[in-house]
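Thanks for coming. I will talk about salt bridges today, with a few pairs picked out. Here is the structure.

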Amino acid sequence: MARSPSFICQSCGAIYSRWQGKCDACGGWNTLAQEAASAPVAGARGGGRGSGTGKGRVFALEGLKGASEEAPRVASGIAELDRVTGGGFVPGSVILIGGDPGIGKSTLLTQACAALARRGARVAYISGEEAVAQVRLRAERLGLADAQVGLAAETNVEDIVATLTDGAPPHLAVIDSIQTMWSSAVEAAPGTVTQVRGSAQSLIRFAKTTGTTVILVGHVTKDGQIAGPRVVEHMVDAVVSFEGDSGHHFRILRAVKNRFGPTDEIGVFEMTGRGLSEVANPSALFLAGRDLSAPGTAVFAGMEGTRPLLVEIQALVAPSSLGTPRRAVVGWDPARLSMVLAVLEARGGLKLGSHDVYLNVAGGLRISEPAADLAAAAALVSSLAGAPLSPETVYFGEVGLSGAIRPVAQAPARLKEAGKLGFARAVAPASLKDAPDTPPVALEGLGHIADLVATVAARRPPARDGASANR
Ligand code: TYD
Ligand code: MG
């Protein structure tokens, strides 16, 4: 009987018995490709010792306990980058770095290559997008032209692997970008999912066999996914995204997946005329230019991994002229905004049904912590009431559907950071377990969202006859 061919989604790996235009599993269009049914197992080696079946080689299983070498890491010396990778590059590991075009991926990697080369490492930078002269020009602009980095503009994976394995393999190889690579072993046009996957496979094999750390640059699609096969994300050891918006100078490096380190650490950079510079104290940066007297701004004492980060949350609540009021949010989860608004209405007694609501996290940062609920709520109430919050206060706490303010983790670190930046008070969950003694910052416990509404309303400036403070 003829074996039916299988069609495999090159993006997510789902298998179909016949071709179709759209993958039901991941929603990708035109991602199915016919693949030969797996070849019969090539000549079983040596015969099974004692297995009786004659197929496969018998190998010894080992216990969990035993000698394991802690992978020696290669630190780049760029502290913000090393923080995200978990203390440096692990030899033989493959890192995929994604980000919008023009966000600074090539700049960051040029700087990382130069930093490593200056520490004596062998480094290769393979550009598939730019000519050698362009890469040189960038290096000159960054003041790094003297670093000993091996440079090439190549796109064929076999050639690249052959070159890099000729002589001592480099410690670090950057491939900019994986979408431009093609392998002659794969019959598909460059840039297609099959090619990207095939090229990534070859480069990953190269990394594992030589111990070279390989960094693959990946393009992202409009909705922020790394373009091409999702399976590449599964194949690599770490996926890092480089974020930021073009209107701001801040760039945030964030680990999405990391087999050798934490995934919640961020590295903060600032794009300057001479490349990316590290931002050692991001809180000060994100709070710069704050309007202390306006209603509708609250400072959130957040955490990004092990690092506390203070950011300003801005809200604007204004009467709506539309039948369905607008809700717009930048830098935060719209679903959480809806939830906080619902809780403020149901438990805090506010009427927001005929108001437009806008929420913005200043500086282009994106927050995902539930602990931001209380700060967002404070900003919203402050804007609605036209009552500026105290400029010396930070807020953190999770808001439950009952209106209760729930405790959050790592309160001491948040308070310490607030103290460092000159804040005097923190409005936090009353039930904070590890309520610490942080003398510079007085803790103000809050049990219920209604208490927040009451305290903010009490700060309303003497009535100017119902005039709204929102312009
Ligand atoms: P680039 O690293 O080429 O982005 P990507 O590889 O992610 O596409 O960075 C491009 C942008 O960075 C470009 O708009 C110019 C800006 N830039 C600076 O502002 N300062 C610099 O020193 C450099 C090299 C680039
Ligand atoms: Mg680039």
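A salt bridge here means a side-chain nitrogen of Lys or Arg within 4 Å of a carboxyl oxygen of Asp or Glu. Keep in mind that this is a predicted model.

By that criterion, Arg-425 and Glu-444 form a salt bridge, with their closest N and O atoms 2.2 Å apart. Arg-425 sits in strand β20, residues 425–429, and Glu-444 in strand β21, residues 442–446, so the pair ties together parts that are 19 residues apart in sequence. Arg-425 is partly exposed at 28% relative accessibility, and Glu-444 is partly exposed at 29%.

Next, a pair within a helix. Glu-417 and Lys-420 form a salt bridge, and the closest N and O atoms are 3.4 Å apart. The two residues are three apart in helix α10, residues 411–420, which puts about one helical turn between them. How accessible is Glu-417, buried or exposed? Glu-417 is buried, at 6% relative accessible area, whereas Lys-420 is exposed, at 63%.

Now a third pair. Glu-304 and Arg-254 meet through their side chains in a salt bridge, at 3.3 Å from N to O. Glu-304 belongs to strand β13, residues 297–304, and Arg-254 to strand β10, residues 250–258, so this contact ties together parts 50 residues apart in sequence. Both Glu-304 and Arg-254 are buried. They also belong to a network of salt bridges that links Glu-243, Arg-254, Glu-304 and Arg-366.

As for the total, how many salt bridges does a search of the whole structure find? The count is 13.

Conventions. Residues numbered from 1 in each chain as written. Chains lettered and ligands numbered in written order. Predicted model: local features only at pLDDT ≥ 70, side-chain atom pairs only at ≥ 80, totals over all residues. Heavy atoms only, no water. Helix = DSSP H or I, 4+ residues; strand = E, 2+ residues; numbered from the N terminus. Buried < 20%, exposed > 50% of the residue type's maximum accessible area, 1.4 Å probe, protein only.
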